[in-house]
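Please read the points below beside the structure; they are meant as a colleague's notes on a single chain.

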Amino acid sequence: MAMPRPTVAQLVYGSCTVILSTLAMLLLSGTSSGVGVTVVALAALALGLLVAMAVPVTGSRRPVAVERPTPPEPVRATLPAPAREPVRERAAS
C-alpha cells in the first residue's frame, strides 16, 4: 500500500511552523552554542511535523452518511375534473 502524499496545505503549515518556531525559540532562548541550536531546530521540526499532520485532509475522507427523517407523504385530494368546453374554431381570414 502506497503512503499518501502530503497536501499543499500540510506542506505550507508545516514549513511556516518550522521557520517561525525556530526563530521564536532562538530569540527567546538566546542560545548561541551548536548544541542549543541543534536542540531548537529538532524541536521546531517536531512541532512542524505535528502541525502538518493535524491539518485535516479533506480529499481522502469518505463523507459520513447523515440519517435524515423521511418527509411526510403529500396529501392528495380528489378533485373533479374541470368541465370541458367545446373547441372553438377560428374563422379563416
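1. In what follows, a residue is called buried under 20% relative accessible area, exposed over 50% and partly exposed in between, with a 1.4 Å probe and protein chains only. By that scale Ile 19, at 52% relative accessibility, counts as exposed.

2. This is a predicted model, in which local features need pLDDT of at least 70 and side-chain atom pairs count only at pLDDT 80 or more, while totals for chains, interfaces and linings use all residues. Residues are numbered from 1 along each chain as its sequence is written, and side-chain values use heavy atoms, with hydrogens and water left out.

3. The secondary structure comes to two helices and zero strands, these being DSSP runs numbered from the N terminus (helices H or I, at least four residues; strands E, at least two). Of the 93 residues in the chain, 13% are buried. The chain exposes about 9,100 Å², of which carbon and sulfur atoms supply 66%; accessible areas come from the Shrake-Rupley method with a 1.4 Å probe, and for residues only the protein chains shown count as cover.

4. Ile 19 has its place in helix 1, which spans residues 8–29. Together with Leu 20 and Leu 23, Ile 19 forms a nonpolar patch on the surface, with about 320 Å² of accessible area for the three together.

5. Is Thr 17 buried or exposed? Thr 17, also found in helix 1, is buried, with a relative accessible area of 18%. The side chain of Thr 17 reaches the backbone oxygen of Tyr 13 at 2.7 Å. Leaving aside neighbours within four places in sequence, Thr 17 is in contact (heavy atoms within 4.5 Å) with Thr 22, Leu 47, Gly 48 and Val 51.

6. Thr 17 and Ala 44 are 27 residues apart in sequence, and their C-alpha atoms are 7.4 Å apart in space. Ala 43 lies in helix 2, residues 34–54, and counts as partly exposed at 33% relative accessibility. The C-alpha atoms of Ala 43 and Met 25, which are 18 residues apart along the chain, are separated by 9.2 Å.

Conventions. Patches are made of residues with over 30% relative accessible area and no salt bridge: like charges are joined within 9 Å, nonpolar side chains (Val, Leu, Ile, Met, Phe, Trp, Tyr) within 5 Å. A salt bridge is a side-chain nitrogen of Lys or Arg within 4 Å of a carboxyl oxygen of Asp or Glu. A polar contact is a pair of N or O atoms within 3.5 Å; within protein, one must be able to donate a hydrogen and the other to accept it, and residues adjacent in sequence count only if both atoms are side-chain atoms.
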